[in-house]
Amino acid sequence: MSAIQASVPATPVARRGRLTFLGGRVLEYLAVLIVALTLNFLLPRALPGGPLKLFGSPEALARLTAEERAQIATEYGFGDPIHLQFLDYLHSVVTLDLGTSLSDGRDVTAAIGDALPWTLLLVGTSIVATTLIGITLGVIGGIRRREGKGAFTLTGAIVVDSIPQFWLAMLLIVWFGVKWQIAPTFGATGPDGTTVAGLAQHLVLPVATLTITGIGYIFMYTRSSMLSVLTSEPVQHAHARGIPRGRLVRRHVLRPALLPVHTLIMLDIGFLAAGAIVVETVFAYPGLGRLTFGAIAARDYPLMQGTFLVLTLMVVLMNLLADLTYPLLDPRARTGGDR
Amino acid sequence: MTLSVQDITVKYGGRLAVDHIDLEVADGEVAAIVGESGCGKTSLAHALVGLLPPNAEVSGRGVLRSDRHPALDLGALKDWRGIRGRRIGIVPQGAMSGLSPIHRVETQLREMLTLHEGSSEPTDLLERVGLSAGELPSYPYQLSGGQRQRVAIALSLAGDPDLLIADEPTTGLDAVVQGKVLKLISSLGISTLIVSHDMTGLLPYADRIAVMYAGRLAEVVPVTALHHGRHHPYTAGLLAATPSTDRSATWASIPGGAPAIGELPTGCCFAPRCPIAAEECHTEQPLLRVVGESEVACHRMDVANTATYPAVPRATSACGSPVLTMTGIRHTYRSRSRTTIALDGVDLEVGRGEIIGLVGESGSGKSTLARIALGLIRPTAGRVRLGDDEVTGARGQRLRALQRRVGFVHQDPYDSLHPGMKVWSLIAEPLVIARVPRGERAAKVRAALASAGLPDSLLDGFPGQLSGGQRQRVAIARSLVNDPELVVADEASSMLDVSTRGGIATTLRSVATERGLAVVFVTHDMGEAIQSCDRIVVLRHGKVVDAGTCSQISSSPDHEYTAQLLAASHH
Amino acid sequence: MSAATTAPEVVARTRRHDLLGRQGGVGTVLLSLIVATAAYGFFFLPDGAGKKRVGQPYEAPSGAHPLGTDDLGRDLLNQLLVGAGTSLTLAFIVAAVTTVLAAIIGGLAGIGPRWLSATIMRGIDVMLVLPELVLFILAATFLGQSFGIRAAILALILWPVPARVLRAAVLTTWSRAHVEAARAMGAGQAWLLARHASYLLGPLLVPVFVRTAMRVIIYDATLSFLGLGDPTMPSWGTTLYWVQVNGVFLSDAWLWWAGPPGLAITLTVVALALIGTSIEDRLNPNLQESR
């Protein structure tokens, strides 16, 4: 699915102290994070119904008397000036005290803590599969661009990239779950609890869905990156210097071609947690995506705030990680005393 | 080792790019193939090393003989393993940007040594090209352009080749560095074939020069014989078209332009541009024959010494009142990480009818200064006056009104003309912008076109149909059309062939004289400035290091840097 | 300085005539067929087609109902045809609005004053950190599901990516020599835009439009599938929502019930992607990397 937001690979920054550079990036992301936190803080206050809806369904709220409302407002500080409320909010974020869910009264932090590992398992497995398959095909497609197969694979990638995730999930359920009964279609564990086999079985269909729909994009990205590196001057010159083709591809093409792909995949990981909403919903997988969707559907504001926080945090962290790891792969992004 | 090129022909989809070339490179000799863009020199070199694109058809032989290896026919070779890098070392065009960006110099050298079974050490290779072992752990981006070119040469030497082929080894380097790189190549003691567009730059370093024109050899001449005896009119033209730093020498240009691939005229390809062409030149193709020390393909060698080309005229009148006055110009570029001082207190005054040469190498700030004069960049400090009007601080309508009094000729004739506009609209654009009444436009456009030396017949064409020289003339016509007081020409000839550069300078001189224009001529070529300007200002690192009349600068430069530039540019 | 310097514009010129190529041609034909289908559904089907009960619930395909009926006895073929209209109209409206929005914002970020450019770019940075799908779900849940609101939400959330692409393109364009030459002539911004930039930027808007339309179709179908669509309007996503709710996978009915709308979504997106990819390839081989 095209829910991936690829950012342009960070342009190498030359002639700047490495620490200053990294420090600058961290500060930039911190700023973005603070803005995102602010949005998150304002969210329940901005949506219809006002902040009191943090404490119950509309029906319950309607039954409250004016005194009771006032009491809740004082108790939770809604009467306080907005900046004090914001500080309180920041404090609660830092201390991971995210309140309790309105729908089932659970501690939000605990609910997220339960869901997060499942999402990480699901997303992690599918990212590994997508990356391996997508990059392999992309590299081959880039090398064999002139042959008919190259164009065929490209069209194939476009088709695969166009299938809606939820529809593919349905088809997989129909065939593998219902008709042939090969794989379970529901939940993350079998009736016998957490066994490795059970976990793996329950991963098959959701991971297949995420992988198949994710391959096309990585394939096309890798392929076009390969093409531009293959026609770049350093590679043309290496060819002229008599470096044989196999060695040329291995040593001179692959690494520069995969540099932007690395950034893409890092960002992808950040977004997949949010992108897994559909898959987790269809397969009733108990991860963060399903938790988020459930929270929105039930208008469970504390839970919503909590899950949004984690989702945004993941994106920002992966962005930061992409920036921090890039210099390890590209010497041009490294500066300072390595001469 | 010898290389014997026999009857090599290259066609692209049936269109002839290289036409039956024979050439010998003797043991230890530095031979050069010289010619202008599109003459087939690169195709010839690529044909010898199997690097032509797949749509090219090659025929003929290129026999490589050496006492260490069996003889080899490069023309018939299909499998290039063990040839490139080992028997023939290649320094590709644009080698500075062709090093692997992600490997250290040492790694790259070791790769070539292992691959081509070289016997030396990376340090030895670096020493041979004049670099210290300290550069071994560097990445290419940490080296200067000249250093990278040296590393590229070192890489080509790793396999201890019999023959070195260097394709445009000086392009993109500053003049001073160009000489050093060529000197290095010629001192390696290997048989070398250099491909270049810059004949005079090669003279001190090459042994023999093969001049190509439109896919054929015009002349093959030992360098020692180049300045005396009889030569092909094209060779003589190229020599005359290269601006000398000696003000007493004249600078000429060859009229017209080279024919395109696939549109070669019958007979001698050069005949349409040749000042001494006779009837037989248009019908019969001349063959190479020995004339004195050289081989020349020309029917008219008996009268070859009478060939003369139009010279670039000098100033005839004294300059008038100041048009552009710039005082104390400072400019700094600020990025997030650092500030660069592009200009640091520059003064400049240009009067009516005067051409000022603004000379400097890359990074000298000359282009920034030109853009400040055009009102495109606002200087950090300093004053700019156009006539009696203050440009500094002008914004919006007032700035645009001032800009309409200045013409601009951009460096790049290919990108500076909107590809979707016809020549007529291109030239008329300043009039439309300045809201000149419709009725007056036609006369102005025709007058400007004539001043720029172009026929009316081009008005209906698109720039895509024009040659580089014609395009630049369209750009000049556009800059003149609204009767400006000042024209700024930013490296206006740098992307053109040598033979047509003088033509642009001639045009600028004639408009300066006829229209009483002030001209700022930005260039990196000291010779060109000395030949075509009245006064020269030499910029370095954003400061004026030298200024004076052309004769002062050329005969007695004040500053050591000016002397270096003079020494580096043409001899 | 080599043989390759033969007037690049000649190449550019032929490219503009042959903007689509074979791949894009296939995409165009496919898209035309889908648009024609949608137009048929819009003009020739009676009012309420696909919304009204016309047969027994859960009918198998027959002459009267070639794709059978759903759990309320509504004709599934009619739903497919009407749904094509809904999806395409939404996609094209949102894509048009988003393209205009992205062009204006990206343009301002490219050539506007420095403070404005910086503000816009930081704004885009923040927008790009927020997961799109979550924003859609949130907005659809709280703001309602009518056509207009859905269109507005989609346009407001989808502009940042194309705006950034267009900003980069504007910056490249503004550094082109003929634009600089025109600026030096004293041309105003309006002239530069109309005479110079439009020639270079105009063709870029096509892939932006096409890519946005693709994203709209997928997102809209996803939202409908999650039950956040307009339940009164037949659409491909809504049909699939009912498939999921009624557990149709357990019977053979999924073949005619879930198959066609999913296939329709896929084909539409493929058609758009073929057009978009081939135009991007032709315009600038490096551009598709930054989308």
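The contact between chain C and chain A takes 47 residues from chain C and 52 residues from chain A, in what is a predicted model. Together chain C and chain A bury about 4,600 Å², with carbon and sulfur atoms accounting for 75% of that area. Between chain C and chain A the count of salt bridges is zero, and one residue pair in polar contact, with both residues at pLDDT 80 or more, is found across this interface. On the side of chain C that touches chain A, at least two residues each are supplied by helix 4 (114-129), helix 5 (132-143), helix 7 (160-174), helix 9 (189-228), helix 10 (236-245) and helix 12 (259-283) of chain C. Helix 12 of chain C gives the largest share of this side, namely ten residues. By class, the residues on the side of chain C that touches chain A comprise 29 nonpolar, eleven polar and seven charged.

The interface of chain A and chain B draws 24 residues from chain A and 30 residues from chain B, and the area buried between these two chains is about 2,700 Å², of which 53% comes from carbon and sulfur atoms. Two salt bridges are found across the interface of chain A and chain B; one of them joins Glu111(B) to Arg251(A), whose closest N and O atoms lie 3.4 Å apart. Eight residue pairs in polar contact, both residues being at pLDDT 80 or more, are also found across the interface of chain A and chain B. The elements of chain A that contribute two or more residues to the side touching chain B are helix 9 (233-240) and helix 10 (245-275). That side of chain A divides into six nonpolar, five polar and 13 charged residues.

Within chain C, helix 2 (residues 21-44) packs against helix 3 (residues 76-111) at an angle of about 115 degrees, the axes of the two helices being 7 Å apart, and the crossing of this pair is left-handed. From helix 2 of chain C, the residues that take part in the contact are Ile34(C), Val35(C), Thr37(C), Ala38(C), Tyr40(C) and Gly41(C), which meet Leu81(C), Ala84(C), Gly85(C), Leu88(C) and Phe92(C) of helix 3 of chain C. By class, the contact of helix 2 with helix 3 of chain C has eight nonpolar and three polar residues, and no charged residues.

Note on methods
Residues are numbered from 1 along each chain as its sequence is written. Chains are lettered from A and ligands numbered from 1 in the order in which they are written. This is a predicted model: local features need pLDDT of at least 70, side-chain atom pairs count only at pLDDT 80 or more; totals for chains, interfaces and linings use all residues. Side-chain values use heavy atoms; hydrogens and water are left out. Axes are lines fitted to C-alpha atoms, for helices over the stretch in contact, and angles run from 0 to 180 degrees between N-to-C directions. Helices (H or I, at least four residues) and strands (E, at least two) are DSSP runs, numbered from the N terminus. A crossing is left-handed if the near helix is turned anticlockwise from the far one by less than a right angle, and right-handed if clockwise. Contact means heavy atoms within 4.5 Å. Ala, Val, Leu, Ile, Met, Phe, Trp, Tyr, Cys and Pro count as nonpolar, Asp, Glu, Lys and Arg as charged, and the others, Gly among them, as polar. Buried area is the accessible area (1.4 Å probe) that two parts lose on being put together, summed over both. A salt bridge is a side-chain nitrogen of Lys or Arg within 4 Å of a carboxyl oxygen of Asp or Glu. A polar contact is a pair of N or O atoms within 3.5 Å; within protein, one must be able to donate a hydrogen and the other to accept it, and residues adjacent in sequence count only if both atoms are side-chain atoms.
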